[in-house]
Structures are given as C-alpha cells and as structure tokens.
Protein chains: 2
Amino acid sequence: MRMFSFTVAATDGAARLGRLETAHGPVETPVFMPVGTAGTVKAMTPEAVASTGARIVLGNTYHLMLRPTAERVARLGGLHRFMGWDGPILTDSGGYQVMSLAKLRTLTEEGVTFQSHIDGSRHLLTPERSMEIQDLLDATITMAFDECPPFPAEKADVAQSMRRSMRWAERSRRAFRERPGYALFGINQGGIHPDLREESAAALKEIGFEGYAVGGLAVGEPFEAMLAALDGTVPHLPADRPRYLMGVGRPEDIVAAVARGIDMFDCVMPTRSGRTGKAFTRRGDLNMRNARHRDDPRPLDEACGCPACRRFSRAYLHHLIHAEEILGAMLLTWHNIQVYQDLMADLRTAIGAGRLSACLDDFHATRALGDLEPV
Amino acid sequence: MRMFSFTVAATDGAARLGRLETAHGPVETPVFMPVGTAGTVKAMTPEAVASTGARIVLGNTYHLMLRPTAERVARLGGLHRFMGWDGPILTDSGGYQVMSLAKLRTLTEEGVTFQSHIDGSRHLLTPERSMEIQDLLDATITMAFDECPPFPAEKADVAQSMRRSMRWAERSRRAFRERPGYALFGINQGGIHPDLREESAAALKEIGFEGYAVGGLAVGEPFEAMLAALDGTVPHLPADRPRYLMGVGRPEDIVAAVARGIDMFDCVMPTRSGRTGKAFTRRGDLNMRNARHRDDPRPLDEACGCPACRRFSRAYLHHLIHAEEILGAMLLTWHNIQVYQDLMADLRTAIGAGRLSACLDDFHATRALGDLEPV
C-alpha cells in the first residue's frame, strides 16, 4: 500500500518543485486541480481531462452529499469509480459552499444546519459528518471542515470565525479515518490579518496535518491584499508539507502564488469561463462572443495542442458560442484546462531549472503583447 | 478526381448492400447520417462522431444560411473545414425547415419568403438560391429544393404541392453546379397517395438525379401508412441509384425501410434524445431520468463499446441527467449514435450474407426481451 508523502525535488526562491505520492498515484507540484463539482469536470470526459496533463481533480462535498448522496456514491464503489477518474481526488469539506450556496443556514459550535438549494431538505454538516462524507466518497485528500467569513468583515469576527475553524480542525483530525495513501489537510484562516494567519498556522501545526491549505482568499479582496496575506501566512506553514491555495485563480494569481511557495490550486474559472465563451491564452484572455472573431480562420492559440486549437478556427468557436452549441462549451473548457495545465508544466520545468524568475518575466511579457490582430 | 457513384454489392429481397463513392470518400450503405444542424453534431466532437463508425453527416441549409451564413462558411473554406469533418456531408435544401421553423412564410411559385427565427430578418429561398447556398457550403450531396405539405392534408393540396416540388426539382437540377464526386438528389413527394408518389417518381426520373429521396414521411402519419407509402414509392425509383428516406427515424422504422430497399437515413432522434436523457439500446429504449437507474451499477448496454457504456454506470448517467450536467448529454448522445451505427453495420453484414430476415427477427426478438431488471 502506497503511503501519502510529499517530497520537494527543487526550490527556486520560495517556489518548490514537488511530488505527492498518494493511494491513487503521484502528482507533480505545483499543480492545478480542475473542479469536478458534482462528479464531473463540467463538459469534459475523464479521458479529455487526463489528456491535458491533469492528474488530480476536485470534488465538492456540498453538491455530492445532496445529489447523488455520499452513501449512494459509496455503494457504487466510491467517487473514483463513479466518475471514471482513476487518479487522486481532493474533496472540499462543504463548509465554504454551505455558507455561499445553501439556504437558511444556522451556524453553531456544533456545525451548520442548512436547507438544500435543490429541494429545500434540511441537513446538518459538522466536522464529524464532513469527515464521514469525504470518507464515503473515498477522497484521496480530505479537507478539514472550516468556516469562511465574508469579505470584508470586522477583525473581531474574522478572529472568532478562525478560532472556531481551528476547533473544527481538531475535531476533523479526530474524526478522520486514517488510511495509507490518504491525507487530511488543515485550512488556515484569518482573512487579511497577519497575526490571525500566524495564530491559525500555529494551531494547525499543533494538530498536525498531511498538508496545509490557505483558505478565505480570492473572496473579493484586492490582488495585493491576497499577496500580502500569502506573504504573512506561507512562512508559518511547515516547509515539508504541501501548501494549497483554495479557489485561486487567474493565471496571474497562480504564478504569483507559486513564487510565494504555494504548491496546489483549484478554481472554477477555466471551466466556468469555457461555458460562457471566454478563452484563456498566453497572450491574454479572449471573449469568443466578440464579433471580431467571426471571420477569423486562425486557431485560438497557435501554441496550444488541444482539440479546439488543432482542428478549429476562431470563427467556428465564435459560431458555436453564438449558436449556444454544447460543442462550444466542450471545446473552450478543454482549451482552458489545457492552458492551465501547460502553465503549471512550464512553472514546474522553470523551478527545476532554477529559472522561475525568467519564466515569470516571460509570462507577463507575453500577456502584455496582447492578442494578434485578426487577419 | 473521384466521380460520384453508387454500386450495389449484394441484395437480399428488396434490401441492398451498397457503396457510395464521393469527392470526400466512400460510404457503405445502408447508412445512418447523424444530423449536424448548425455545423456540429450536437454535443459531439467530429472525432467522437467518426469513432462510432459514422462516415457521412448532415447539415441544414436553413440554419447555416442564417448563422454563420453560407458566404462566411465559403470564405472559411467550406463546411468540411469549418466543422472539422473530412468525410462526405449531405445538406438538406432548406425547404422543409423554412416551412416548419421560420416565421411569416409566404409561398409562391418563385420560392419561399420568410423571417429568420433568430433575428426576424427577411430572406427569400428559391431552388436557385438553395443550390447556391449548398454549393457555398461545399455539400458533397445537395438536395433539390422542395416543399413538404403538412400531414394530414387534402389530396388535392398534396398533389398541387408535389407538382410544384417537381417544377422546383427541375429548376434545382438546372441551377446545380456539376462537379466530379458531388451529387444532386431529387425528392419524391406525394404524401400517402401511391398514384401521386408514382407520378412524382416519373417526374424525377425524367429530370435525372444521382440519388432519390423519399420526402414527406415521418411527419405524423401512422407507422403502417409510412410503410405503405414506401411500398408504393420505392419500386418506381431507379434501382441503380441510392434511395434516401428523409428524417427517419426510430430503429424499428429503419429496419423496416431497409427491408424495403432504402439505403440512406437521417434523424435527430438519437442526438435530441441523448440531450433529454433517453437512451436507445438493443433491448429497447431507456429513460435515464427514471429513479430505477439511480443505484444501478451496470453499464447502459453490456454489448456497446461507446465510452458511456465502457466506463460508466447507469447510476452515474442518471445522476448526470438529473444534475443537468453537459457530460450527460455528451455521453448519451455518443451512445445513441453508436447504437444507430452498430445497427446499420449489422444490417449491412446481414444483407451481404443473405440473412436479413434472420437479422430482423433477432432485432425484434431482442427488443421484445426488454431491459434487464435492475440488480
């Protein structure tokens, strides 16, 4: 049985080239995890996801506990078999999504009582129940149950919320069923307040986790505030454990966070944008709805190897988006995930070669070039 | 340059095993053509379509002339390049869809004036303009411009409509730009009236076409009426040309029509049904929304080689349909097209071996078995 481990192969400044070993195979870091909310990376087959180089995907406890239910997924052999994904799966704890998606939430020390947004049914989510659900799903990496305060919030409220999350982290650790190759990650909170982040990091280290996430960022604060919060947090996290910046983000967020020592990322942006006609490219982001693409025979991105770029023109993608064809969502999602995976591969190569700084300069210079003019 | 040709390799009763040679490659018949309405077989990549064994797809003049426009498709290199499909493409003439989809239609001897259902813009579609559009699209097989009366209709109205369609067929033939490997098909009309069908067939033969379609069926008449109309039509069509039954149909319609000498089919049923949760199987049709599938670990169809059946359970497909996930539409569409292509391959094999009758018996017996009970 494979043990869960994290090894750092190289560093470049604060950035690390690393490798996770898990019950479901290895993952090179820094890594971007496509979001598979309800048991599917939206508009992609698992084969397509894997073809982009993605090796780990995310699942959402909140969505899956409501439909099809964790118990049903367990009876069907776990989330890997259910969704046809053999690699590692990280599941969130449900805490964040209960607070942002569910109706009639009531927060107590015990946990969160809420109504399903699907059918109005009542549920109680606690650290213990969250661990049980993620275990039923057979998550490779389980996230501790936490609470994420809104931004902006009073510092006293952020502190109170963070300390509750730390108590919940301890309950999560106790309730988590230890298995070789499986891991439990704690989640650092504290908003944009360095002292709270440091206090949270100390509390998490005291409990002890296989990995440490930074939560409560990318919730509306300015880019610089996010970077400052990272600068005030990462140095307090154990250097020998993976660091995961939850819900981040844009390519420019990711490169900045990698340079600050973050190893793992997830975000709905590439998938959600793909369904609304937005394409990420190295030369900036394109809105494929825009009329300037409608006669453009060029591929979305000459350098990209995804099917959208290899076989189709911008004019065709523009047409599909306007005609609201499912293939438009499929191709742009595929492309966006490919762009994210290619970016992570470039970052890993650069860190390994000790030239991350040049890689970041190139990243920003290429984006500044902007899109080529339509022919 | 390849010429357009049709050769019959074997017959079994009225059924024929044949082969079309076209500018875009060969097609074995009997053949089912997936419908690619607006330049895409909905929810499938061209690679996925080809993987099912499909060799020819259909495009819709009405949809494409309005968006992205035939002129734009031509500037972008034609429909094959635009949609990434290298094989033959058959386009309908727009006549049927103008009458069923457009607003404020005015029918005259000249053609049909109508308003776009997309933006209300006014257009005139005539035999000459339909030929021009299909030429701009670079259709491998062009359909003559015709009119399809509603069902039921007075016989006098059906006769009047059919005779107008025959005059339009002659104008279509004159306007069609002849090119090696490309073909123009005439469309037989006459509703359920054998004398009108025979009159129409004589008129079409007099003009001369590379293939002959049977139009105006599967528009609401009973199954037996459709078969009777075929029996009254097919014997009057040239034996050395392909015969195409437009817009048909269910698997049981197709096997019955193949036995009556039909070579080509198209229908939105497998693709449209796939988007609404209906799956075709050899043992009958399944509504994947049904609660009885929600704990069922079995594949949709043990005998099917499509990705939906190889990698996923009925429970997962049920979940995707309920969660309105795009992957549900993708997988069920893929499966349904695979089932249709497998059926056509079975029919071709059976005709070649002179055992079509046994194949049809097996087809009906297997469907009568019904679905296996859920475990």
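Start with B:Arg298. Is it buried or exposed? Its relative accessibility is 12%, so B:Arg298 counts as buried. Keep in mind that this is a predicted model. B:Arg298 has a salt-bridge partner, B:Asp296, and their closest N and O atoms are 2.8 Å apart. B:Asp296 has a relative accessibility of 1%, so that residue counts as buried too.

Now a network in the other chain. Salt bridges with shared partners join A:Arg250, A:Glu252, A:Asp253, A:Lys278, A:Asp285 and A:Arg367.

How many salt bridges are there over all chains? The count is 60.

Take B:Glu147 and B:Arg164. Their closest N and O atoms are 2.9 Å apart, and they form a salt bridge. This pair links distant parts of the chain. B:Glu147 sits in the loop between β10 (141–143) and α7 (155–175) of chain B, while B:Arg164 is in helix α7 itself. They are 17 residues apart. Both B:Glu147 and B:Arg164 are buried.

Next pair: B:Glu210 and B:Arg173. This salt bridge has its closest N and O atoms 3.0 Å apart. B:Arg173 is in helix α7 of chain B, and B:Glu210 is in the loop between α8 (194–207) and β12 (211–214), so the pair ties together parts 37 residues apart in sequence. Again, B:Glu210 and B:Arg173 are buried.

On to the interface. Chain A puts 37 residues in contact with 37 residues of chain B. What area is buried between the two chains? About 3200 Å², with carbon and sulfur atoms giving 59% of that.

What about charge across the interface? Between chain A and chain B the count is 8 salt bridges. One of the salt bridges in the model joins the side chains of B:Arg75 and A:Asp295, at 3.1 Å from N to O.

Which elements of chain A give two or more residues to the side that touches chain B? They are α1 (46–51), α3 (70–75), α4 (79–83), α13 (314–322) and α14 (326–352). The one that gives the most is α13(A), with 5 residues. By class, that side of chain A has 19 nonpolar, 6 polar and 12 charged residues.

Now cysteines. If you are thinking about disulfides, the number over all chains is 0. A:Cys267 is buried, at a relative accessible area of 6%. B:Cys148 counts as buried, at 12% relative accessibility.

One last stop: A:Thr233. Where is it? In the loop between α9 (223–231) and β13 (243–245) of chain A. Its relative accessible area is 0%, so A:Thr233 is buried. Which residues does A:Thr233 touch, leaving out those up to four places away in sequence? A:Asn188, A:Arg197 and A:Val214.

That's my tour. Over to you.

Conventions:
Residues numbered from 1 in each chain as written. Chains lettered and ligands numbered in written order. Predicted model: local features only at pLDDT ≥ 70, side-chain atom pairs only at ≥ 80, totals over all residues. Heavy atoms only, no water. Disulfide = S-S within 2.5 Å. Buried < 20%, exposed > 50% of the residue type's maximum accessible area, 1.4 Å probe, protein only. Contact = heavy atoms within 4.5 Å. Buried area = accessible area lost by both parts, 1.4 Å probe. Salt bridge = Lys/Arg side-chain N within 4 Å of Asp/Glu carboxyl O. Helix = DSSP H or I, 4+ residues; strand = E, 2+ residues; numbered from the N terminus. Nonpolar A, V, L, I, M, F, W, Y, C, P; charged D, E, K, R; others polar.
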